[in-house]
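Good morning, and thank you for the time. I would ask everyone to look at the sequence and the structure together as I go through the chain.

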Amino acid sequence: SLHLALPVVAFKESFNHDAVFVAEQQKWKWSYEIKHAGQPFEANLYAKLASSDVKWEMYISKVGGYQDFLWFEGTSRFNKTAGDWKVYAEPEGKRKEYLTIDWTNKAENDKEIKYTSVDDSSDLKGSYIHYGTTASNGFNSFYNVYVKKDNNLVEIDYNTENKIGRVKSKMFFGTENWYCWNTALVNTDCQ
């Protein structure tokens, strides 16, 4: 969240502003000021249209500090079925790729988003959080959390309507078995 807070605030603020078309770059541009943690920032969000998707770039400048730091970039499909993002870190130093975000939105019961650490300087590189909706085995949602350095995968399936769910993690439980809970969120035998 440390590296995501400012770009999330900046992106949300873009919805409160109108874009202008920059003809020489063939891009749409939103320019505005924001405050985050009491500090003033300037944001420039660019969108370049292609045949089936939009290429996005968010540049943020800290007033009196770093200038035009490419904080994230990515693409999203016009039909809102898929997209991807790259998030960068170290605006005051050497920019580095920090996180990738891939998402799909195929249908009401078929949505997924995956956050993957790609920071070369972190022992969490390759770790991820993967969330989605599904319609299998009586569950309609899942979370998979993988910590690469420990080779630990935690799998969670649950039903958002009746609250029934299950969890599996060899590292935490010492087995490959599922552990389940019922509608009262009380441990129960898996069926």
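Let me begin with a term: pLDDT is the predictor's confidence in each residue, on a scale from 0 to 100. What we have here is a predicted model, and the mean pLDDT of the protein chain is 92. Of its residues, 99% reach 70 or more. Among the elements of the chain, strand β1, residues 20-22, has the highest mean pLDDT, at 97, while β9 has the lowest, at 89.

I turn now to the interior. In soluble globular proteins, nonpolar side chains tend to be buried together. In this model the largest nonpolar core has 23 residues. Which residues have the most contacts inside that core? They are Tyr32, Met58 and Ile60. Several elements each supply at least two residues of this core: helix α1 (5-14) and the strands β2 (27-36), β3 (39-49), β4 (53-62), β5 (69-77), β6 (82-89) and β7 (96-107).

Ile60 gives a view of the surroundings. Setting aside its neighbours within four places in sequence, Ile60 is in contact with Leu6, Pro7 and Ala10, among others. Its contacts also include Phe41, Glu42, Tyr66, Gln67, Asp68, Phe69 and Trp71.

The next topic is the aromatic residues. The structure holds 15 aromatic pairs. One of them joins Phe11 and Phe15 in an edge-to-face arrangement, 5.4 Å centre to centre, with 80° between the planes. Phe15 is exposed, because its relative accessible area of 62% is over the 50% cut-off. Phe11 has a relative accessible area of 23% and is therefore partly exposed.

Phe11 also forms an edge-to-face pair with Trp85, 6.1 Å centre to centre and with 70° between the planes. Phe11 lies in helix α1 and Trp85 in strand β6, so this pair ties together parts that are 74 residues apart in sequence. Trp85 counts as buried, because its relative accessibility is 17%, under the 20% limit. Phe11, Phe15 and Trp85 belong to one aromatic cluster together with Trp30, Trp56 and Phe72.

Rings also meet charged side chains here. Lys27 lies over the face of Tyr46, at 5.4 Å from the ring centre. Arg166 lies over the face of Trp178, at 3.8 Å from the ring centre.

Let us move to the cysteines. How many disulfides does a search of the whole structure find? It finds one. The disulfide is formed by Cys180 and Cys190, whose sulfur atoms are 1.9 Å apart. Cys180 is in strand β13, residues 179-181, and Cys190 is in the segment after β14 (187-188), 10 residues apart. The torsion about their S-S bond is about 110°, so the disulfide is right-handed.

Finally, I come to the loops. Most residues other than glycine have a negative phi, and most peptide bonds are trans. Lys80 has a positive phi of about 60° although it is not a glycine. Lys80 is found in the loop between β5 and β6 and counts as exposed, at 60% relative accessibility. Leu185 likewise is not a glycine and has a positive phi, of about 65°. Leu185 is placed in the loop between β13 and β14, and at 56% relative accessibility Leu185 counts as exposed.

A loop residue may also be buried, as Ser127 shows. Ser127 sits in the loop between β8 (110-117) and β9 (128-136), and its relative accessible area is 8%. Apart from neighbours within four places in sequence, Ser127 is in contact with Tyr115, Thr116, Ser117, Tyr146, Val147 and Lys148.

Asn16 lies in the loop between α1 and β1 and counts as exposed, at 56% relative accessibility. Asn16 and Tyr131 are 115 residues apart in sequence, and their C-alpha atoms are 29 Å apart in space.

That concludes my presentation, and I thank you for your attention.

Methods: Residues are numbered from 1 along each chain as its sequence is written. Side-chain values use heavy atoms; hydrogens and water are left out. A nonpolar core is a set of buried Ala, Val, Leu, Ile, Met, Phe, Trp, Tyr and Cys residues joined through side-chain atoms within 4.5 Å. Buried means under 20% relative accessible area, exposed over 50%, partly exposed in between (1.4 Å probe, protein chains only). Helices (H or I, at least four residues) and strands (E, at least two) are DSSP runs, numbered from the N terminus. Contact means heavy atoms within 4.5 Å. A disulfide is a pair of cysteine sulfur atoms within 2.5 Å. Rings of Phe, Tyr and Trp (its six-membered ring) pair if their centres lie within 6.5 Å; planes under 30 degrees apart count as stacked, over 60 as edge-to-face and the rest as tilted. A charge sits over a ring if NZ of Lys or CZ of Arg is within 6 Å of the ring centre and within 35 degrees of the ring normal.
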